[in-house]
Structures are given as C-alpha cells and as structure tokens.
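These are my notebook entries on one model.

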Amino acid sequence: MKTFIGLLFMLLSFGQSLAQSASPDSIIHQFLTNNCRWAATKQHEDSLYFDHLVEGQHPVALLIGCSDSRVSPAVVLGADLGNVFVHRNIANVVSHSDLNFLSVMQYAVEVLKVDHIIVYGHYGCGGIKAAIEDETLGLIDNWLANIKDVMHMHHKDMEGITDEHERLNRLVEINVLNQIENLEETSVYRQAMRNGRNIRLHGWVYDFSTGKIKVLTPESGLGPREHCDFESLGKGDKH
Ligand code: CO
C-alpha cells in the first residue's frame, strides 16, 4: 500500500512538473484535448445540453470586462454557457465612439433584453497601470487616452494617495464607476429607460490575488464592499 501511495505521489508530482514546464505548443494541444473531454462530459451529463444552446440564448446580463487572461468572467462567476453576454477590451472601457461596443450593447439591450449591465474591472490592471505611469506602448496609447481622461477628471480623488499600489487600485475603482456613467449616457440606455425598461447597472472589481469580487457602491463614496462571506456559503447568499 505504502509503495502504491509513493508511486501515486511520484506520478502526481511528475504530472505537476510537466504542467509547469509545458511549452506553449503543448498547452495549445492540451486545450483541444480538454475540449474533447469537456464536450463528451457535457453530452454525458445532459444529452440535450447542446440542443438547448442551439435553440437560442437568453443571457441575464451584459458584462463589460478587461481582456486580461486572469479575469475570465465565466470562470470567476461560475456562469454557464448562455448566462452572460460579454464584451471585453483593455481596461473595460465604455467608449461612445466604439462602434463594436455600441453594437454589442444595442444587441444585448434591444434584442436579448438583458436587464443588468455589469462593468467588471480588476485590480492590478495593466491598462490602468500603463495610463497612470504615462507609458508609451504604441497604438494602444490612443485607447488608454480614455483612462487618462478618467484620471484627469478625478485627480482630486487620487491626490492624497501616495502609495503607488493604492493609487492604481483606486483608479481601477474610479474607472469602473466612470464607465457606468458612460453607460448611462449612451443613446441605447437612455432610449431603453425612456421606454420603461428597468436596466440595472453594476460596478464590480475582481481581485485576482484573492479570487473575490468587490462590489462598488457609489453612494458610499466609491468605497468597495466585500460580498464574499465564505463562512456563510451554503447557508444562502449574503449580499
Ligand atoms: Co486589465
């Protein structure tokens, strides 16, 4: 038995070190293998799973997030396919001149009839960092001008913060709230509200150092609040 456990441990350690030292090429191959396994498992668990997806989508929310590879909303939210309509760009910007975003929003609101729109930022955002540090990165500088505008508009909110890390995180939060204001100014949102729709806007910030989302509450002076209470999990949601 001891030998068996030892062997098992060795195999597991080998698997782990293989994963750590895997080349990008082998990881790409692994993605395809994972996909085959996932499709087979889903089909096995629910033989109509894919048939339901073919019938159409009824997402409950539009989510605007950052393109960062560490914040994938479906993974973080435990969302199933069909739950969330997603638009992602660098630093989760809502730009009134971005035809791509505006088309996504119009489709989500007018065709899919989502009642919730979430701006989903994240601490440690490289886009926000580049803007705050005034880095020159090429084409992306034009996009990050959106963030610089936010920074200049809210310079008073950041004045007193000397710690670099805290300044960055504060701007992440301010940016999310500012993008919500931009959402409110879109013709799609205004028209929908004029037509009697009740679209709720949410500002969330994901922290990949803890895996948790903080909910921003503009009415309490930009302060984020924890919504996770791990001790209460299983005893109902404590929002
Ligand atoms: Co980011």
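This is a predicted model: local features need pLDDT of at least 70, side-chain atom pairs count only at pLDDT 80 or more; totals for chains, interfaces and linings use all residues.

Entry 1: strand pairing. I began with the criterion: two strands are taken to pair if DSSP finds at least two bridges between them. β5 covers residues 212-216 and is joined to β4 by four bridges, the two strands running antiparallel. Four residues lie between the strands of this hairpin, and I noted that glycine 211 has a positive phi near 85 degrees.

I then turned to the pairing of β4 with β3. Strand β3 spans residues 116-122 and strand β4 spans residues 200-207; they pair in the parallel sense over seven bridges. Within this pairing, I recorded leucine 201 of β4 as the bridge partner of isoleucine 117.

Entry 2: overall counts. I listed ten helices and six strands for the protein. Of its 239 residues, 25% are buried. Among contacts with a separation of 6 or more, I found that 62% are between residues 24 or more positions apart.

Entry 3: helix crossing. How do the axes of α7 and α9 cross? I found that helix α7 (residues 140-153) and helix α9 (residues 164-185) have axes that come within 10 Å and cross at roughly 100 degrees. Angles of 65 to 115 degrees count as roughly perpendicular, so α7 is roughly perpendicular to α9. I next listed the residues that meet: from α7 they are Ile147, Val150 and Met151, and from α9 they are Leu171, Ile174, Asn175 and Asn178. Sorted by class, this contact has five nonpolar and two polar residues, with no charged ones.

Entry 4: nonpolar core. I looked up the largest nonpolar core and counted 43 residues in it. Leu62, Ile128 and Val205 have the most contacts inside this core. I noted that α9 supplies the largest share of it, six residues.

Entry 5: alanine 192. I located this residue in helix α10, residues 187-194. Is alanine 192 buried or exposed? I found 20 other C-beta atoms within 10 Å, and a residue is buried at 20 or more, so alanine 192 is buried. Leaving aside neighbours within four places in sequence, I listed its contacts as Val109, Arg197 and Ile199. For valine 109, I recorded a C-alpha to C-alpha distance of 7.6 Å from alanine 192, at 83 residues apart in sequence.

Entry 6: I noted lysine 113, with a positive phi near 60 degrees. Lysine 113 is in the loop between α5 (99-111) and β3. A residue counts as exposed at 12 or fewer C-beta neighbours; lysine 113 has 12 inside 10 Å and is therefore exposed.

I also noted aspartate 134, where phi is positive and near 55 degrees. I placed aspartate 134 in the loop between α6 (126-132) and α7. Aspartate 134 counts as exposed because it has 10 C-beta neighbours inside 10 Å.

Technical notes
Residues are numbered from 1 along each chain as its sequence is written. Axes are lines fitted to C-alpha atoms, for helices over the stretch in contact, and angles run from 0 to 180 degrees between N-to-C directions. Angles under 35 degrees count as roughly parallel, over 145 as roughly antiparallel, 65 to 115 as roughly perpendicular and the rest as oblique. Two residues are in contact if their C-beta atoms, placed from the backbone, lie within 7 Å. Ala, Val, Leu, Ile, Met, Phe, Trp, Tyr, Cys and Pro count as nonpolar, Asp, Glu, Lys and Arg as charged, and the others, Gly among them, as polar. A nonpolar core is a set of buried Ala, Val, Leu, Ile, Met, Phe, Trp, Tyr and Cys residues joined through C-beta atoms within 7 Å.
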